[in-house]
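Thanks for coming, everyone. Please have the model open on your screen while I talk. We will go through it piece by piece.

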Amino acid sequence: MSNDIVVIKDFSYRYASAAEFALHDISLTLRRGEFLGVMGPTGAGKTTFCLTLNGIVPHFYGGDFYGSITVAGLDTVEHPTYQLAQCVGMVFQDPEMQLTAPTVAGEVAFALENICLPVDEIKRRVPAALMAVRLEGLEEKHPHQLSGGQKQRLAIAAALALQPDVLVLDEPTSQLDPVGTDEVFAVVRELNRSQGITIILVSHASEEIAEYADRVMLLAGGKLLALAPPTEFFQNSELLWANGVRPPEVTQAFQRLFPVPGSLPTYPVTLPQALAQYNQIQPRPTFLPVIYANGRPPAAENEVVLQTENLHYTYDDGTQALKGVSVAIRRGEYVAIVGQNGGGKSTLVRHFLHLLTATEGRVNVFGKDVNTYSVSELAQFIGYVSQNPDNQIFSDTVEREVAFALTNLRFPKDEVQRRVATVLQDMELEWAAKRHPLTLSKGDRSRIVVAATLAMQPEVLIFDEPTTGQDYKGAQAILELTRKLHQAGKTIIVITHHLYLLPGYAERLLVMGKGQLLLDNSLRYAFYETAKLRETFLTAPQVIRLAEAIQPQSEAALRPLTPAELAAALVAQ
Amino acid sequence: MPSMYVQYVSRPSFFSRLDVRVKLLFMFLVSTLILIWDNIFYQGAMFAVVMALAFSSHIDRALIRKLFAVMLPFTVVMILIQGLWSPIGQTVLMTLPAWVPFIGGKLALHWEGLVFGVMVAFRLLTPIFALPLVVMTTDVNDLVVGLVRLRVPYKVAFIFSITLRFVPFIFTEIGAITEAQRLRGLAIEKMNFFRRIPIFASMLVPLILGSLLKAQTLEIVLQSKAFSGSPQRTFLNENGVKLRPVDYALLIGELIFFVGAILTRLILGWGGFVA
């Protein structure tokens, strides 16, 4: 049997009724047991690439298909999806959508029932697949009762039960919290190493891809721009940045430390490589004292705008989501809230809008008890933007969408027009004023929701997981927007799982876990409380772990937050 | 995140343990007889049985309340319309006072019309409460196997089960959209029924688009799991759909009752209109 498991030759594909090719002129051969990382910006064709491997493209979508793709010896055009599905397991982004059975065991069995395996064989394979993803003992649970990471592992088990040659995972961790992400990567690596399953994994997580993948491929605009082992792939930062892909933080730090080409044979791409290289450098670079502007944030003296005292909240089903949280947020602060799903982040901020009413304790907004306001009244002072823009758009033009709140609040017509015009201008959306919101890109739709919220001129803006499911550029664009609003004097609260994105934006970090406030400090100090972060299964960004390994922690230790700061502090002599 | 599952009852009950075919026949019987009978007492008794089963099967009280709250305006409007306009109305209860616009002083509420209105209400409400009673006490997979055993094509049974999975998704979506609207200053709690209508209408676009998108994703997911809609497949839990003596007894009992009710209606005229 040939050792080449996936063979793609001169492949191009155009969706039915599309003008542009989604994928253009791609040739690629994967060896059995290889781990391929796929990176690239939103719209690069990554999902289309995944769907070609089990024939959804072109069987489901139609369109124009050029070239040839063979997977495990089967031509994907000649064989239907249900047949290809037995060689190619698929795991998708959304953990909710891909689970269709009412029990964990039933979920794993579903595909096996479809291919008419005898019941005895199904009963043999289900526990084996669950064991491989460490979900044994949960057979009779409802998939809904599992955590995000468990759900994705269940989706992997369901794919695995078919005993596929190839496992394709399309951004399997982008909706997950840090623990879930770790769980999924650990399982995928285990399957690859010990069972020799070929892995194709799409992800924006550069650090993980650098650690696990044998080869990495860069897709952008439907073209294959680079394909190389990670050590080689991440050297070419110019190409990566130009296509919205962020090199690992250690790579960025060393590139800044040794900017002259050729001064290092290769830049490190993983933390162990970075440490090994650091130890080889002669003379060893040392930390130079750098003065950061990290005194008390200017907002520390301002009045308190949002406050909870001993806040408890218990859901109807008895889940204690908050267990005595006391926190005060001042006018003009930029606060990030991080922590695992179910830790109480959203539950906390929803109290400020009176979307939830405290079971015990007090919640004050602008010095008054929150219970004296209705949701629609509070919305004028506190803008709340949740993750999915499509649940928050109800009008047929962008202009009307932005005016929606003002009309509800019965502003005079000329005031509505004036405010809509200003907001559209501020958000650079004037060109779209007359367009239907749903004809715009996801990034633009998110900005419409922000614009519609800003039209009420709220003093506080809360963004609930704005970076989830976004590529690097998308996440950056949203954070840039929050910075602009912060500079304009707004109080900003951002809930996120992406710690590495926060330096340069957030000033204060709240860490929530198990319904409690575990840590509340300025970002620079909070990020170096690595033991505390680990307690709630958060991993500090790579650059912080590198700095810690180089310099033992002490009160006087420098606390660089970004690759640039680390490089500036570490100067080669 | 929206859940894709019908949260079926947490505690088993006599009704939930029955074979799915007993329950499906029950649902069919209830929904048919409620139409065949014209007698408000017969219908009332049938509705009472359905409600008693719903409560004893631990169906979520909040859901029952919500269903009632949604149906109440329709029911009231329907009973009034029948009371005012139904041609069978003879006994005048009261003439509408003159201050009612357009119809005041001209139209009267009739006793027979009101009774007929209540009948129509029972016809509407009984199936609406019987459906969740069956669906929420049955494992979706058992439902699919049960339907296939009843010679329903597998593809149809599967679409049915997917539809059921969409119900909670749609409720979650409606919740999310309503919340987003309140967060844009819409004080929906202060609005009357008629002012709410355009608000509900504006929800439809995101709701339908969201559902279509989910449906497409779901189809891709299913195909990727080697699903082709072919009736040739194995059923892992076939043993979960099994007729016990009690199920046989109930099936026979249901059939006898059903046939008996139709025969007595046709031959003896039982269940005719009374007012």
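Strand 7 (residues 166-170) of chain A pairs with strand 8 of chain A in the parallel sense, over five bridges. Two strands count as paired if DSSP finds at least two bridges between them. Helices (H or I, at least four residues) and strands (E, at least two) are DSSP runs, numbered from the N terminus. In this pairing, Leu169(A) stands opposite Leu201(A) in strand 8 of chain A.

A quick word on the source. This is a predicted model: local features need pLDDT of at least 70, side-chain atom pairs count only at pLDDT 80 or more, and totals for chains, interfaces and linings use all residues. Residues are numbered from 1 along each chain as its sequence is written, while chains are lettered from A and ligands numbered from 1 in the order in which they are written.

Back to strand 8. Strand 3 (residues 35-39) of chain A runs parallel to strand 8 of chain A, and four bridges join them. Here Val38(A) stands opposite Val202(A) in strand 8 of chain A. Is strand 8 of chain A buried or exposed? Five of the five residues of strand 8 (residues 198-202) of chain A are buried, so the strand is largely enclosed by the rest of the structure. Buried means that 20 or more other C-beta atoms lie within 10 Å of the residue's own; exposed means 12 or fewer, and partly exposed is in between, with C-beta atoms placed from the backbone. Look at both faces of strand 8 of chain A. Thr198(A), Ile200(A) and Val202(A) are buried on one side, and Ile199(A) and Leu201(A) are buried on the other.

Now the open sheets. One has four strands in the order 2-1-4-5 (chain A), with antiparallel pairing. Strand 2 (23-31) and strand 5 (74-75) of chain A are its edge strands, and each pairs on one side only. Strand 1 (residues 4-14) and strand 4 (residues 64-71) of chain A run antiparallel, joined by seven bridges. Find Val7(A): it stands opposite Thr70(A) in strand 4 of chain A.

Next, an open sheet in the order 13-12-15-16 (chain A); it has four strands and antiparallel pairing. Strand 13 (320-330) and strand 16 (368-369) of chain A stand at the edges with a single partner strand each, so one side of each has no neighbour in the sheet. Strand 12 (residues 304-314) of chain A pairs with strand 13 of chain A over eight bridges, in the antiparallel sense. There, Thr308(A) stands opposite Val327(A) in strand 13 of chain A.

On to helices. Two packed helices are described by the angle between their axes and the distance between the axes. Take helix 4 (residues 104-114) and helix 5 (residues 119-132) of chain A: their axes come within 9 Å and cross at roughly 130°. Axes are lines fitted to C-alpha atoms, for helices over the stretch in contact, and angles run from 0 to 180 degrees between N-to-C directions. That angle makes helix 4 of chain A oblique to helix 5 of chain A. The cut-offs: under 35 degrees is roughly parallel, over 145 roughly antiparallel, 65 to 115 roughly perpendicular, and the rest oblique.

Which residues of helix 4 and helix 5 of chain A make the contact? Helix 4 of chain A gives Ala105(A), Val108(A), Ala109(A), Leu112(A) and Glu113(A), and helix 5 of chain A gives Ile122(A), Arg125(A), Val126(A), Ala129(A) and Leu130(A). Contact means C-beta atoms, placed from the backbone, within 7 Å.

Helix 11 (residues 249-257) of chain A is mostly covered, with seven of its nine residues buried. Among them are Val250(A), Phe254(A) and Leu257(A). The cover includes helix 12 (271-280) and helix 21 (542-550) of chain A. Those two helices of chain A pack at about 35°, with axes 10 Å apart.

Last stop, the two chains. How many residues of chain B are in contact with chain A? There are 43, and they are in contact with 51 residues of chain A. Helix 8 of chain B gives the most to the side of chain B that touches chain A, with 14 residues. Within chain B, helix 7 and helix 8 pack at about 135°, with axes 10 Å apart. Helix 7 of chain B and helix 8 of chain B are therefore oblique to each other.

Terms used. Two residues are in contact if their C-beta atoms, placed from the backbone, lie within 7 Å.
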